[in-house]
Amino acid sequence: MALLQAERMSVAFGGVQALVDVSFDVHEGEVFSIIGPNGAGKTTIFNCISRFYNLDRGVIRVKGKDISRVSPHAMAEMGVARTFQNIELFKKMTVIDNLMLGRHRSKRSNLVSEALFIGSVKRAEIRSREKAEEVIDFLDLQAYRTQQVKNLPYGIQKTVELGRALAMDPEVLLLDEPSSGLNMEETEDLAFWLTDIKEALGITIVMVEHNIKLVQDITDRVLALNFGAVITLGAAQDVLGDPEVIRAYLGEESDFASS
Amino acid sequence: MDVITELTQAILSGVAIGCIYALVAVGFVLIYKATEIINFAQGEMMMLGAFIAFTCSSYLNMPYWASLLTTTVVMGLFGMMLERAVLRPLIGEPVFSVVMLTVGLGIFMRSVVSMIPGWGTQTYGFKTPFTDKFLRHGELVISWDQLAVILLTALLILVLFAFFRYAKMGVAMRAASRNQLAAVYMGISLNRVFSLTWIISAAVGGFAGVLLSPITFVYMNMGFIGLKALPAAVLGGMRSIPGAIVGGLIIGLTESLSGLYLTSGWKDVSPYIILILVLVIRPEGLFGIQAKKKV
Amino acid sequence: MRFVMKRSYREDIQLFKYRSTFFWYLALIAGLVAMPAISDEYILSQLGFICVYAVGAVGLMLLTGYTGQISLGHAAFLAIGAYTSAILTAKGVPFVFALFAAGIVAAAAGIVVGLPALRLSGLYLAIATMGFGFIIEEILARWESLTGGHRGFYVDPASIGPIVFDTEARFYYLALTVLILTVLVARNVMRSPTGRALIAVRDSEVAAQAMGISLAWYKTIAFALSSFFAGLAGSLYAHKITFINPESFTRLVSIEFLAIIVIGGLGSLHGAVYGTAFIIFLPQLIGFTKGYLPEHLSDHPGLEPAVYGLMIVLFILFEPMGLYGRWLKVKYYFEMFPLYKKDTFRREKKYQKVERQ
């Protein structure tokens, strides 16, 4: 069953056509990558799914439901979690607090019960804490638990953001350039985690990526984008070998020819 | 007085006071665009300018035009000193802190003025070459003071417009307010830009103060009037000088017209009601742009 | 250096980090309770004011310090609370009920103000709240049949059952109790999911939404909560000074509250209390130095506001983390001794607009 369906997504900003008739679907349990040169519209797709932008034309369906009228904060309830290209962590809070915020979806208490901090609130806090600790264990973040995020190195911040998305117990994980800024070792860790997320946790992963090796290693299907339009969509091997895709990334041979 | 005359009278005085608001609003917008700071002491700059002009003309017996010029120059220097001493150390700090700083500065300035001998807490009249001269057209009476405000404001706006359009430093300032990092790469000295921003803002504020003096007289709480220019600036979208001017005129006219047609008390709050109504419909102000963070 | 060995998550979410902290607070409370025995009427009156203002300051701290919504109209909510309580007690409603009602009515007003403000941020929000403050002030002044307008309103002293709080000592206990409860409630809210959500709204609206936090809902809650406490403070204030008029709740009072939370230290409940104490005792401090000043300066009414403005400027220039920040630094110095590094608390300067938003 297609967990996520995009039908003819089209968005324009001012005079710029960011997305033109983009259609794809993501199957449950797969790793789906979106590749393309900078400015192709990859992050725009994510922002449309997260409902930060409204589509001019087209429809997005999550678990069969049309999300055109859903407000941004309701996407979490639909099981969609995401990370951001430029890291949108809560900088002044600690790692553990960031992760606990990922548990917000499971909040059942209201203001009055929290003001009195009655037993059920305390128990809910401890349960959230346990879940957050599971994520910390999974991503080896124990050493950074009580540190303020703004003081952490870039690679660790990215990991925390991944952890925060995981803490949401999502069904679909949208990762925007998860490996950008990471060195070889960190990227290998990331590949390991992503594979684990797919196989052990059964979460569907959609990622925007530039690192072709990472895409080759763990992805099932790939969508290639250029200038807001789909070049091709298919199995990883096929798409990555497609001459159109290679031309979009590397240009024509004649572009490099000297006189 | 028939309705048309009353209305015209009210409109004129609305435009006149609107010009003052516009000038102070321009001061707000200039600083905001360059540094994202709201200078809550802008009203007090206006007040200080008024007092300086008053000192020039009453204690030093300078003619009006000389007082106006001196005030503008002195206030410009004051703005430069202020920027150097108190604002430059705060570059990079969160905006809220700096805003609170200007609030404190305003309070400090107001109180210090009240303690200076010769100034203090009294209200002082201010004579200009336009005082007690009136233009009459039938039943319509226009005071030359008001006209002078409108004309001089227009003059100053033209000067500023030319500066930002054609002068090298003016263009540099506009560039810096769009993208500080890019401006630095282009060789623009940000320090100089900030200095100049505060110099111009303070000078414009002082100028407005001199213009206001014959109408409301000179007293230490004049700054509160300047504060009403803040809704004017916000109304205009905090983005451009024309926006600030339109905002100022709208506020001035609203005040004047509600003073004419509504019971007293509404006069003071009507600008805020208009402001809130506009913001509800257009949260970015009349000419503002929706600044959405790009993720 | 002290290390805390925690053996369960329950220990981690306790109110107090170290055992000793609990006892220090107990001692503090004991000291506060004993105050009337050792202070004169005047000091007690000032302490009463501190307790009352601190309740309002906690409210503003929740809104501005924690949720990042700047409000320049806080005094208006105090006014609403004050008048609500005054009018209700004048009609014979028992004080405790009137106190609570003051909070609820102010909270309702806060929601009304918060709703159009939902789409505004930063400066625009500040100006809009300033506008609301003016409008509410004007309404209270004009609605003479209800509030007595500029003539003012006489307020009965508070009473619970047979106890009438008409002496400084008794009122002090009342205000102190309300303050302690306020701080406890605020603390509880801040360490629960709602509190975290409020901070999230401040730190990154985009990420907060991605977490499922409705900006509209939580901003409204912040306004409601903040106004609720302001209403309580207003009610207490009215019953202390027993005569209120619209002039008691001007824009200057709103600025005073902002100064309190900035000087106290944004984002901390301690800060709200420290800041209040500082601002209320400032006139006393100025009084001490008067002896050293030339005659015509020391008696001038402009001296206090001048020092007040100067304090705000100096704090922001030299101690942006406020009094609580200074206290943290001192405490940290002793904890880390001799390994304390001066730059531990250095603020990271943000030069790019993108990082500042």
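In chain B, helix 1 (residues 3-35) packs against helix 8 (residues 190-216) at an angle of about 170°, with the axes 9 Å apart. That makes the two helices of chain B roughly antiparallel (the label for angles over 145 degrees). This is a predicted model, where local features need pLDDT of at least 70, side-chain atom pairs count only at pLDDT 80 or more, and totals for chains, interfaces and linings use all residues. Residues are numbered from 1 along each chain as its sequence is written, chains are lettered from A and ligands numbered from 1 in the order written, and side-chain values use heavy atoms, leaving out hydrogens and water.

**The helix pair in chain B**
- Helix 1 of chain B brings residues including Ile17(B), Leu23(B) and Gly27(B) to the contact, while helix 8 of chain B brings Phe194(B) and Trp198(B), among others (contact means heavy atoms within 4.5 Å).
- By class, this contact has 15 nonpolar, four polar and no charged residues.

**The sheet in chain A**
- Four strands of chain A make an open, antiparallel sheet in the order 2-1-4-5 (strands pair if DSSP finds at least two bridges between them).
- Strand 2 (16-27) and strand 5 (65-66) of chain A sit at the edges with a single partner strand each, so one side of each has no neighbour in the sheet.
- Strand 1 (residues 2-13) and strand 4 (residues 57-62) of chain A are joined by five bridges, and Ala6(A) has Ile60(A) as its bridge partner in strand 4.
- Across strands 1, 2 and 4 of chain A lies helix 1 (residues 42-49) of chain A, at about 70° to strand 2.

**Confidence in chain A**
- Chain A averages a pLDDT of 89, and 96% of its residues score at least 70 (pLDDT is the predictor's confidence in each residue, from 0 to 100).

Methods: Axes are lines fitted to C-alpha atoms, for helices over the stretch in contact, and angles run from 0 to 180 degrees between N-to-C directions. Angles under 35 degrees count as roughly parallel, over 145 as roughly antiparallel, 65 to 115 as roughly perpendicular and the rest as oblique. Ala, Val, Leu, Ile, Met, Phe, Trp, Tyr, Cys and Pro count as nonpolar, Asp, Glu, Lys and Arg as charged, and the others, Gly among them, as polar.
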